[in-house]
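Me: Got a model open here and want to walk through some packing. Can you help me read it?

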Amino acid sequence: MNELVDTEVLIVGAGPVGVSMANLLGHYGVKTLLVDRSPKVLDYPRAVGLDDEALRTFQAVGLADIMLKDMIQNVPMRMYTADKRCFAEILPSTREFGWFRRNLFSQPLGEHTLRQGLERYPHVTTQLGVALQSIEQDETGVTAILQDERGGSTGVRAQYLVGADGGRSTVREGLLKIPYEGQTHPNKWVVIECDQDPLDAPYTALHCEPRRPYVCLRLPYGLRRWEFMLFPGEDGEQMLAPEKVQDLLRNHVADPSRLNVIRARVYTHNSRVAKSFVVGRVCIAGDAAHITPPWIGQGLNAGLRDAFNLSWKLAWIVKGRMKPELLQSYHEERHAHTKAMIDLADLFGAVLSQRNRFVAWMRDRFFLTIRHLPKVRDYVLQMKFKPMPRFSAGVVLNSGKTAQDELVGRMFIQPNVERELGVCEKMDDVIGGRFALLSWRGNPLAQAPAELLERLNALGCARLVGVRARSGASEPGMSSGPEVTVIQDLENQLQLWFQQRKVDWVLIRPDRFVAAAGSAEDAVDQLRRFCDLVLPAHAVQPEAHAAGPLAPAQLAT
């Protein structure tokens, strides 16, 4: 083995979570090595749904628009009773984070786009057909041994290592021995995909039929997917035989023998969460950290939340902008929410895949009744049942004022805004990829001492973003310049947000969560306290390539 290869972050696993992290770290200027044992993208029927938070993550690295070219946006979801009556249709209209909540894609196509995105970053290297053999960590870094397909070994020295290597994670299971707590569900499922979609059904359908619960959904480029529950005694591999596949489809298409089945695979549903997401300088993310049944379409989305939360923290620590001990906040901020999403998926599964006919009949009567109750109907249709992340601890500052602290640790809205008259932009594209201080009709830093401004700059918050009402007059100290960007509230959403919550400013983290909030009078004290929480004692100044707000690198189309 030759001398060690040096990198700042080593990511093991080049699935969608690992490659998203590599894009984010590349965006933040972090030297990154991404490895995967598979030499190519796996062509399996896997994740199909991306939500608004996931698209906001891709937006942060300039890939959202190109990812959308291979998606169907704003897809409804219908739920059917045992006798085929639709008892709920989920049609979320909110775009509070800038994107639709339900979007369908093909994971292999999406992974190709994400890997292509890495070509923009010369400091990010990808090695495929390479497996992790061992790791050792100490106070300054992690040493990993990698083995290629020919049996050759390479040593890598990284400051941090991330295991994004799936549900059977070598990092979690084989090397760190972290317990993977939860259950494996008894029923397997057959997933079948065909091209030349034979159905006129542009939605996702959950069919709650006791005789055989199943899911049917439309995918991009004329693909159709079915997912069928298998019963005890049915052999998964035998059910993949062409004649068995046709038997499963016989009651759903006119002539299953004419379908061109392009993928078929058997899956087992699991509900598991690793006991810890952080062990020293090693973290786990995606399915390596948690795995969920697919009922609410949040498996990959949960992994992408991991990617955004963890990537900016690693970047800030590596670049000397954040205390290393705050890496533990990744576990604190993600673990509980991940468990809540899995619990919701389990509840959906228990309700929708019910095989007892009497219990199914009672379920159907209940849902057919509540759809006539407006508040309950809206709760379902707008997906308000989805647990939203909220951090009360971690890289957030609580002021002690209940109303203000309720805002902290929640994802901030993303309306459309204007910098220049007639030029509409999504807010994230204006405020950039680092910390952003957003203020309503005033400058909370007008009386701030130079020392605080220097510390905010070291944090990566190099400018103030001032919001003014649509066509409103400029406020004192709120003219655009080198240190201030003034935006107009094109849709009046920011005005309502600030006025209803009675705060003058918010500090937004790189992952778009509110780090702190308050009034103009307490801004200097609050921001100083946040800098004390986050910055190392001798924080470095931002490097030349990272000064000011980051604009995402663009991918040629």
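Me: Which way does α2 cross α7, left-handed or right-handed?

Reply: α2 passes α7 in a left-handed crossing, meaning the near helix is turned anticlockwise from the far one by less than a right angle (clockwise would be right-handed). Bear in mind that this is a predicted model, where local features need pLDDT of at least 70 and side-chain atom pairs count only at pLDDT 80 or more, while totals for chains, interfaces and linings use all residues. Residues are numbered from 1 along each chain as its sequence is written, and side-chain values use heavy atoms, with hydrogens and water left out. The labels are DSSP runs numbered from the N terminus: helices are H or I with at least four residues, strands are E with at least two.

Me: OK, and at what angle do α2 and α7 pack?

Reply: About 40°, with the axes 9 Å apart; α2 is residues 52–60 and α7 is 299–318. The axes are lines fitted to C-alpha atoms, for helices over the stretch in contact, and angles run from 0 to 180 degrees between N-to-C directions. α2 and α7 are therefore oblique to each other: under 35 degrees is roughly parallel, over 145 roughly antiparallel, 65 to 115 roughly perpendicular, and the rest oblique.

Me: Which residues of α2 meet α7?

Reply: From α2 you have Glu 53, Ala 54, Arg 56, Thr 57, Phe 58 and Ala 60, and they meet Asn 301, Leu 304, Arg 305 and Phe 308 of α7. Contact means heavy atoms within 4.5 Å. By class, that contact has five nonpolar, two polar and three charged residues. Ala, Val, Leu, Ile, Met, Phe, Trp, Tyr, Cys and Pro count as nonpolar, Asp, Glu, Lys and Arg as charged, and the others, Gly among them, as polar.

Me: Staying on α7, is Ser 311 buried or exposed?

Reply: Ser 311 sits in α7 and is buried, at 0% relative accessible area. Buried is under 20%, exposed over 50%, partly exposed in between (1.4 Å probe, protein chains only). Leaving out neighbours within four places in sequence, Ser 311 contacts Met 21, Leu 24, Leu 25 and Tyr 28.

Me: New topic, the open sheet. What's the order of its eight strands?

Reply: β6-β5-β13-β14-β15-β12-β16-β19, with mixed pairing. Two strands pair if DSSP finds at least two bridges between them. The edges are β6 (86–90) and β19 (290–291), each pairing on one side only.

Me: What pairs with β15 in the antiparallel sense?

Reply: β12 (180–194) pairs that way with β15 (223–229) over six bridges, and β14 (214–219) also pairs antiparallel with β15 over six bridges. β14 and β15 make a hairpin with three residues between them, and Tyr 221 in the turn has a positive phi of about 60°.

Me: How many residues of β15 are buried?

Reply: Seven of its seven. Both faces are covered: Leu 223, Arg 225, Glu 227 and Met 229 on one side, Arg 224, Trp 226 and Phe 228 on the other.

Me: Last one: where is Phe 391?

Reply: In the loop between α10 (374–381) and α11 (402–405). Phe 391 is buried, at 3% relative accessible area.
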